[in-house]
Amino acid sequence: MTKPPVGSNRTGRKLGQKVKKGKLKASSRRWIERHINDPYVQRAKLEGYRARAAFKLLEIDEKHQILKGARRIIDLGAAPGSWSQIAAKVTGSTDDDIRVAAIDFLEMAPLPGVRILQLDFLDPEAPRLLVEAIGGAPDLVVSDMAAPTTGHQKTDHLRTMHLCEVAAYFAVEVLREGGHFLAKTFQGGTERDLLNMLKQYFRQVIHIKPGASRSESVEMFLLAKGFKGRTTVADAEEEG
Ligand SMILES: C[S@@+](CC[C@H](N)C(=O)[O-])C[C@H]1O[C@@H](n2cnc3c(N)ncnc32)[C@H](O)[C@@H]1O
């Protein structure tokens, strides 16, 4: 089970630590306290993952088996790289035979078996470069992209939803038949048109809130499983 080691803290660091009041702003102090006391952060450190986000993907996979058998994976919004670490492991990707492509406009430290593109996913060249990097159609497209926050919540949500939508259309364009698409979204945020499009192309479309996703966050994940293929859907449309 991908559950946090609640209570038993194997990093040796005590949970429930407080940061001394000083020059820090109260909001920064609260953020640091939450971070150092977060069991997923501690577990990520212990298991060698670059981010606690690793446990969101592992937990979703545990229930929905999206990683099993994946030979090529594209990771959108990949930095610092914990999902790419998992992707490289499950695909057996190596520097001689790259099967994982990761994109982020932030710099990301190199990872064996992962081709990293430091680029905006919305750049028109990004789709081609990602597919070329893995030398074929992916079995899985994952997106943990979140737009940089502006402080205006509605704007931030709209921007992240836009990224989710562009990622979904990209997935439909590039996935291998039978493949899956996973993307970050927000509670109640997925547009009906986008859901309808995904339902047309995938056998199952669901929303998931993994335990590793903070309960106070409106973050959710949209999972579209079992890509039916582009021609199958086009044929069905033609037949009316
Ligand atoms: C939550 S983090 C991803 C964490 C990652 N899944 C991991 O496991 O380490 C979201 C990332 O999305 C990236 N991002 C947001 N918008 C993007 C865009 N348009 N193109 C590329 N990356 C983007 C951000 O720079 C950020 O690094």
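**Exercise 1. Which residues is Arg52 in contact with, leaving aside its neighbours within four places in sequence?**

Before the solution, two notes. This is a predicted model, in which local features need pLDDT of at least 70 and side-chain atom pairs count only at pLDDT 80 or more, while totals for chains, interfaces and linings use all residues. Residues are numbered from 1 along each chain as its sequence is written.

*Step 1.* Find Arg52 in the loop between α2 (39-47) and α3 (54-64). Helices (H or I, at least four residues) and strands (E, at least two) are DSSP runs, numbered from the N terminus.

*Step 2.* Apply the contact rule: two residues are in contact if their C-beta atoms, placed from the backbone, lie within 7 Å. Leaving aside neighbours within four places in sequence, the partners of Arg52 are Asp38, Tyr40, Val41, Ala44 and Ala212.

*Step 3.* Count the surroundings. Arg52 has 21 other C-beta atoms within 10 Å, so Arg52 is buried. The cut-offs are 20 or more other C-beta atoms within 10 Å for buried, 12 or fewer for exposed, and partly exposed in between, with C-beta atoms placed from the backbone.

**Exercise 2. Work out how α3 and α4 pack.**

*Step 1.* Take the geometry: the helices pack at an angle of about 45°, with their axes 8 Å apart. Axes are lines fitted to C-alpha atoms, for helices over the stretch in contact, and angles run from 0 to 180 degrees between N-to-C directions.

*Step 2.* Name the arrangement: α3 is therefore oblique to α4. Angles under 35 degrees count as roughly parallel, over 145 as roughly antiparallel, 65 to 115 as roughly perpendicular, and the rest as oblique.

*Step 3.* List the residues: α3 brings Ala54, Leu57 and Leu58 to the contact, and α4 brings Ser82, Trp83, Gln85 and Ile86.

*Step 4.* Sort them by class, which gives five nonpolar, two polar and no charged residues. Here Ala, Val, Leu, Ile, Met, Phe, Trp, Tyr, Cys and Pro count as nonpolar, Asp, Glu, Lys and Arg as charged, and the others, Gly among them, as polar.

**Exercise 3. Describe the shell around the ligand.**

*Step 1.* Use the rule that a residue is near a molecule or strand if its C-beta atom, placed from the backbone, lies within 6 Å of it. The ligand is surrounded by 23 residues, and the closest are Ala53, Gly77, Ser82, Phe121 and Asp144.

*Step 2.* Look for the elements involved: α4 (82-91) and β2 (100-104) each supply at least two residues of the shell.

**Exercise 4. Which strands stand at the edges of the sheet?**

*Step 1.* Write the order of the open sheet, β3-β2-β1-β4-β5-β7-β6, with mixed pairing. Two strands pair if DSSP finds at least two bridges between them.

*Step 2.* Read off the edges: β3 (114-118) and β6 (202-208) each have a single partner strand, so one side of each is left without a neighbour in the sheet.

**Exercise 5. Find two backbone exceptions.**

*Step 1.* Recall that most residues other than glycine have a negative phi, and most peptide bonds are trans.

*Step 2.* Go to the loop between β1 and α4, where Pro80 lies. The peptide bond from Ala79 to Pro80 is cis, with omega near 5°.

*Step 3.* Now try the loop between α3 and β1, the place of Gln65. Gln65 is not a glycine, yet has a positive phi of about 45°.
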